Amino acid sequence: MTDPLVMIAGGGIGGLATALTLEQIGLRCVVFEAAPAMRPLGVGINLQPNAVRELFELGLGADILDTVGVPSREWALVGLNGNDIYSEPRGRLAGYDWPQYSVHRGRFQVALFHALCARAGREAVRLGHRVTGYRRNPDGSVTARIERTDGTLTEETGALLIGADGIHSAIRAQMHPDQPPIHWGGALMWRGTTLARPIRTGASFIGLGTRRQRMVIYPISHPDPDDGLAEINWVAEVTLDDADGWKKAGWFRQVEVGDFAHLFHGWSWDWLGVPALLHGADMAYENPMIDRDPVRTWVDGPVALLGDAAHAMYPTGSNGASQAIVDARVLGASLLAHGIEPAALRAYDNRLCGPVSQLVQRNREAGPFGLLNLVEDRCGGTFDDIDKVVPRAERAEYMRAYRAAAGFDRDTLNAAPPTIPDGAYIGAAASA
């Protein structure tokens, strides 16, 4: 008897983490990825300790993560005159049992791809295959409709279909045909990387500015031993008054740094020069800060959404990729508990859909960067003594609440049992 097949639409971080999890617990799966080749595209992302824990338990430890990024040492917010609003240690320096990582998104995705191919075989990923929809069958199975790069159409039938096909998910569109359009709150972002010397701790995540205009800066590589330079990821963000401005340029495009760097003229202090950092980049990419309104469920019988397809969120909390990895692990645990059945998908949905939908809304309200907004409201963003603007206890409580909502409260995470017990395995027995 052939083992039941779990189909995964999308070979991004969520889809590959799902496939690696299913391989770990002995389930046969295949990933359909629209791109014809797996290339290290993109810039920086952050992996919170809750996600790094899951990666370690997948056997993807520091030996791999250190090749695609760097362990984070500090998270800090800074006001318009360069003075600290808030800072805290991160990862093991903060008492977590696991580090936090800042990584190059594309290189991390390729590392997941290579790990999956090494464990499950190259045939576990079919590149150049885009899932365009699905059909639920009378026998309880599901058929994925697939378009190949050459335009030919095909179908594949399996026990379950996991839609990890991103914010423009075709599976979500079919599952929720009346969903509102993609939501844009007015912020436009420019992203890039520059070879420069790391600042502060050498592995600090820094957010500075106001709700109207801010920068995010952090390294995504270890410093070169010869010249001390590292790959510094940066995001420049401005909120526009023209609510249709981004539509004139499309979703994502390469632009010249000079198109926007003037907006940050004068953002220089003795420890950081933003204009020089921007102009040091070889290229920059422009895209709107977008998300989707939460939906009431991520499940339709044998079909489930995961990652951005389920909960595309603003990057203000630096936890979109982390949540996709956690999704994959919770899904795996649900399959262990309930078998390769829609009941497993319902259990996954019941555990995550509500809380993560609240996180989407919290990030829409600026997430942890809300502290920048609070300082702006109280003093315009410039201050000499932050304790007179936002008392230390108020700042600490704000961040504590966000960590709890995002699933990486330190004590809770350290005390939690593994999402998937060591050695857990179901294989073909799950179909019995």
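**Notebook: pockets, cores and selected residues**

I began with the second largest pocket: helix 2 (49-57), helix 8 (320-338), helix 9 (342-364), helix 11 (392-405) and helix 12 (410-415) each supply at least two residues of its lining. I took helices (H or I, at least four residues) and strands (E, at least two) as DSSP runs, numbered from the N terminus. The model is a predicted one, in which local features need pLDDT of at least 70, side-chain atom pairs count only at pLDDT 80 or more, and totals for chains, interfaces and linings use all residues. Residues are numbered from 1 along each chain as its sequence is written, and side-chain values use heavy atoms, with hydrogens and water left out.

**Second largest pocket.** I noted helix 9 as giving the most to this lining, with seven residues. The pocket holds about 590 Å³ of space and is lined by 26 residues, with Asn50, Val326, Arg351, Leu352 and Gly407 nearest its centre. On a 1 Å grid over the protein atoms alone, a pocket is an open set of points with protein on both sides within 12 Å along at least five of seven lines, a cavity is a set where a 1.4 Å probe fits but cannot get out, and lining residues have an atom within 4 Å of a point. Points are joined across faces, edges and corners, and a volume is the space filled by probe spheres set on them. I sorted the lining into 15 nonpolar, six polar and five charged residues. Here Ala, Val, Leu, Ile, Met, Phe, Trp, Tyr, Cys and Pro count as nonpolar, Asp, Glu, Lys and Arg as charged, and the others, Gly among them, as polar.

**Leu352.** I looked up this residue of helix 9 and found Leu352 buried, with a relative accessible area of 8%. Buried means under 20% relative accessible area, exposed over 50%, and partly exposed in between (1.4 Å probe, protein chains only). Beyond four places in sequence, Leu352 touches Trp298, Gln323, Asp327, Val330 and Ser357, contact meaning heavy atoms within 4.5 Å. The C-alpha atoms of Leu352 and Asp327 are separated by 7.7 Å, at 25 residues apart along the chain.

**Cavities.** I found three cavities of 30 Å³ or more in the whole structure. The largest has about 50 Å³ of space, and its lining includes Trp75, Arg90, Phe205, Met399 and Tyr402. By class, that lining has six nonpolar, four polar and one charged residue.

**Cores.** In the largest nonpolar core, of 88 residues, I listed Leu47, Phe108, Leu161 and Trp298 as touching the most other members. Another core lies apart from it, with 27 residues, among them Ile199, Ile217, Trp234 and Leu272. A nonpolar core is a set of buried Ala, Val, Leu, Ile, Met, Phe, Trp, Tyr and Cys residues joined through side-chain atoms within 4.5 Å.

**Gln24.** I placed Gln24 in helix 1 (residues 13-24) and recorded it as partly exposed, at 25% relative accessible area. Gln24 and Ile426 are 402 residues apart in sequence and 9.6 Å apart in space, C-alpha to C-alpha. Among the contacts of Gln24 beyond four places in sequence are Glu57, Arg329 and Tyr425.

**Helix 10.** In helix 10 (residues 370-379), I listed Gly370, Leu371, Leu372, Asn373, Val375 and Glu376 as the buried residues. Just after this helix, Gly380 takes a positive phi of about 80°.

**Cysteines.** I searched the whole structure for disulfides and found zero, a disulfide being a pair of cysteine sulfur atoms within 2.5 Å. Cys353 is buried, at 5% relative accessible area, and Cys379 is partly exposed, at 27%.
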